[in-house]
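Work through the exercises below with the sequence and model open. Try each task before reading its solution.

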Amino acid sequence: MSNDPVPPTPARRGLLIILSSPSGAGKTTLARRLMAWDPGLRFSVSATTRPPRAGEVEGREYFFRDRAAFMAMVAAGQMLEHAEVFGELYGSPALPVEEATLAGRDVLFDVDWQGGQQIRNSMLGKHTLSIFILPPSIPELERRLRARGQDSDAVIAARMRKSRDEISHWPEYDYVLVNDDLDRTEKKLKTIVSAERMRISQQPGLVEVVRHLNREFEARQ
Ligand SMILES: Nc1ncnc2c1ncn2[C@@H]1O[C@H](COP(=O)(O)OP(=O)(O)OP(=O)(O)O)[C@@H](O)[C@H]1O
Ligand SMILES: Nc1nc2c(ncn2[C@@H]2O[C@H](COP(=O)(O)O)[C@@H](O)[C@H]2O)c(=O)[nH]1
């Protein structure tokens with residue numbers, strides 16, 4: 001018998017994948033493509049006090065709450081993070097994230113820089129992967145916000161004013177992608193996620209593989 005140096009197999013904890021960008025750079029579009037690529041990925045549906053846009057469905061894009069209900073969730077400790085963005089409250093409910101990551105599933109967040117910071121510093125923040133999406137130019141950012149056709153001129157102007165501040169947080173992220181061509185950016189995003197999933201810390205099953213290889217070495221002696 002060898003004295004097997006390999007520790008027992010720990011369960012895999014899911015990754016917290018954080019996407020941030022200035023409004024309109026394309027993170028929601030990219031998040032949808034990532035979800036379609038990997039049905040095992042769980043999207044963290046945020047709660048917000050902002051009113052629904054046309055086509056948005058309660059519980060799919062957001063949980064739409066009034067301020068009192070939102071603050072009650074915060075007071076009850078139900079939010080992993082929360083922040084005021086463009087004058088509205090946004091937050092990520094903690095329980096679905098805990099359940100998914102405990103079951104080994106990765107969770108995708110579409111949050112601003114404040115949310116990104118809070119998630120990284122949270123109890124669940126040990127295994128995070130954070131990616132910041134930059135627009136190729138400021139005129140293109142504004143063009144995308146207008147082309148989306150969802151927000152008033154005043155809302156677009158407010159979001160453009162905040163974009164410089166949001167962009168200033170790019171160095172806090174693990175990766176930065178310039179979203180010029182959507183298909184190319186999607187491919188890069190998938191490459192990053194695939195590579196991060198191959199980190200030793202993300203592959204507890206390797207312990208069994210190495211154990212098996214050691215047994216095979218012994219059988220040859
Ligand atoms: N690479 C791209 N080239 C051209 N248009 C794009 C590109 N990426 C996204 N878009 C478009 O830009 C608009 C804004 O994208 P999206 O809603 O994904 O931005 P966002 O970063 O999630 O914004 P918000 O923070 O306001 O939710 C959408 O109409 C989307 O189709
Ligand atoms: N800190 C958090 N930010 C969030 C969350 N959900 C969304 N967001 C960010 O808000 C803005 C605006 O989103 P929109 O849907 O109104 O266009 C954008 O930057 C999102 O990333 C959250 O739970 N926490």
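**Exercise 1.** In which loop does S21 lie?

*Solution.* This is a predicted model: local features need pLDDT of at least 70, side-chain atom pairs count only at pLDDT 80 or more, and totals for chains, interfaces and linings use all residues. Residues are numbered from 1 along each chain as its sequence is written, with chains lettered from A and ligands numbered from 1 in the order in which they are written. S21 sits in the loop between β1 (16-20) and α1. Helices (H or I, at least four residues) and strands (E, at least two) are DSSP runs, numbered from the N terminus.

**Exercise 2.** Is S21 buried or exposed?

*Solution.* Apply the cut-offs: buried means 20 or more other C-beta atoms within 10 Å of the residue's own, exposed 12 or fewer, partly exposed in between, with C-beta atoms placed from the backbone. S21 has 27 such atoms within 10 Å, so S21 is buried. Now take S23, in the loop between β1 and α1. S23 has 23 C-beta neighbours inside 10 Å and therefore counts as buried.

**Exercise 3.** Which residues is S23 in contact with, leaving aside neighbours within four places in sequence?

*Solution.* Contact means C-beta atoms, placed from the backbone, within 7 Å. On that basis, S23 touches L145, R159 and S163. With the same exclusion, S21 is in contact with G26, K27, F132, I133 and L134.

**Exercise 4.** Which residues come nearest to ligand 1?

*Solution.* The shell holds 14 residues, each with its backbone-placed C-beta atom within 6 Å of the ligand. S23, G26, T28, T29 and R144 come nearest. α1 (27-37) and α5 (138-148) each give two or more residues to this shell.

Conventions:
Contact = placed C-beta atoms within 7 Å.
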